[in-house]
Amino acid sequence: ATPTNNNATADSRLDRADRNFIERAAHNGHAEVEASKLALTKAKSPEVRAFAEQMVKDHTQANQELAALARARGVTPPDEPSLVQKGKQKLLLDTADGDDFDRRYAESMGLEAHQDTIELFEKASREVKDPELRAFATNKLPALRHHMDMARKLPQNAGKKP
């Protein structure tokens, strides 16, 4: 899905790659928040719950900042995970409980999702044309890398890559 555009003149200010960054970053952020809210109710491990709390807090804030930047450019960003992300959550997380849930959440949302998002934001920090969007991507990278470090330290991810 492409972000809905409410203003054709604003649209001309953003090229396709910039709009694509907004869409993917918004989808990823909402996927992280939804899965982490689920983790707050289903996780057994206190470390996983603490990680999930931090993800809800940080990604909710980033989602709000991104949405404001997008709307200022006449782009309405997605306000939920992509259909693929929803399907993955249903398959991996909704059906799991206890230690199995903790392991799946720590790997899929802790490691895999953050690896994907870090790559997206690194590329955006180099290639996005809009200076404020590029600055947003650049400024969020330290927090995303910190999230990855936190995820690596979860007992459920011991010895796993990335």
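Guide: Contact here means heavy atoms within 4.5 Å. Keep in mind that this is a predicted model.

Visitor: Leaving aside its neighbours within four places in sequence, which residues is F101 in contact with?
Guide: F101 is among the residues with the most contacts inside the largest nonpolar core. Neighbours within four places in sequence are left aside for its own list. The partners of F101 are then L38, A39, K42, A43, L93 and A96.

Visitor: How many residues does the largest nonpolar core have?
Guide: Those with the most contacts inside this core are F21, L66, F101, Y105 and F121. Helix 2 (16-42), helix 3, helix 5 and helix 6 each supply at least two residues of the core. The size of the largest nonpolar core is 39 residues.

Visitor: Is L120 buried or exposed?
Guide: L120 is found in helix 5 (residues 98-127). Its relative accessibility is 9%. Buried means under 20%. Therefore L120 counts as buried.

Visitor: What separates the C-alpha atoms of L120 and A137?
Guide: Not counting residues up to four places away in sequence, L120 touches F21, R24, A25 and N28. A137 lies 17 residues from L120 along the chain. The separation of their C-alpha atoms is 8.6 Å.

Visitor: How are helix 5 and helix 6 oriented, roughly parallel or roughly antiparallel?
Guide: The two axes are 9 Å apart. Helix 5 and helix 6 pack at an angle of about 155°. Angles over 145 degrees count as roughly antiparallel. So helix 5 is, relative to helix 6, roughly antiparallel.

Visitor: How many nonpolar, polar and charged residues make up the contact of helix 5 with helix 6?
Guide: Helix 5 brings residues including G110, H114, I118 and F121. Helix 6 brings residues including F136, A137, L144 and R152. By class, the contact of helix 5 with helix 6 divides into ten nonpolar, seven polar and five charged.

Visitor: What is the angle between helix 3 and helix 6?
Guide: Helix 3 covers residues 46-72, and helix 6 covers residues 131-153. Their axes are 12 Å apart. The helices are roughly antiparallel to each other. They pack at an angle of about 170°.

Visitor: Which residues of helix 3 make the contact with helix 6?
Guide: The helix 6 side includes E132, L133, F136 and K140. Over both sides, the contact residues divide into ten nonpolar, three polar and four charged. The helix 3 side is F51, Q54, M55, D58, H59, A62, E65, L66 and L69.

Visitor: Is helix 3 roughly parallel or oblique to helix 5?
Guide: Helix 3 and helix 5 pack at an angle of about 40°, with axes 11 Å apart. Roughly parallel needs an angle under 35 degrees. The angle therefore makes helix 3, relative to helix 5, oblique.

Visitor: Which residues of helix 5 make the contact with helix 3?
Guide: Helix 3 passes helix 5 in a left-handed crossing. V48, F51, A52, M55 and H59 form the helix 3 side of the contact. The helix 5 side is D102, Y105, G110 and H114.

Visitor: Which residues does S36 touch, not counting residues up to four places away in sequence?
Guide: S36 is found in helix 2. At 0% relative accessibility, S36 counts as buried. Not counting residues up to four places away, S36 touches A52, M55, V56 and Y105.

Conventions: Residues numbered from 1 in each chain as written. Predicted model: local features only at pLDDT ≥ 70, side-chain atom pairs only at ≥ 80, totals over all residues. Heavy atoms only, no water. Axes fitted to C-alpha atoms, helices over the stretch in contact; angles between N-to-C directions. Helix = DSSP H or I, 4+ residues; strand = E, 2+ residues; numbered from the N terminus. Parallel < 35°, antiparallel > 145°, perpendicular 65-115°, else oblique. Nonpolar A, V, L, I, M, F, W, Y, C, P; charged D, E, K, R; others polar. Buried < 20%, exposed > 50% of the residue type's maximum accessible area, 1.4 Å probe, protein only. Core = buried A, V, L, I, M, F, W, Y, C linked by side-chain atoms within 4.5 Å. Left-handed = near helix turned anticlockwise from the far one by under 90°.
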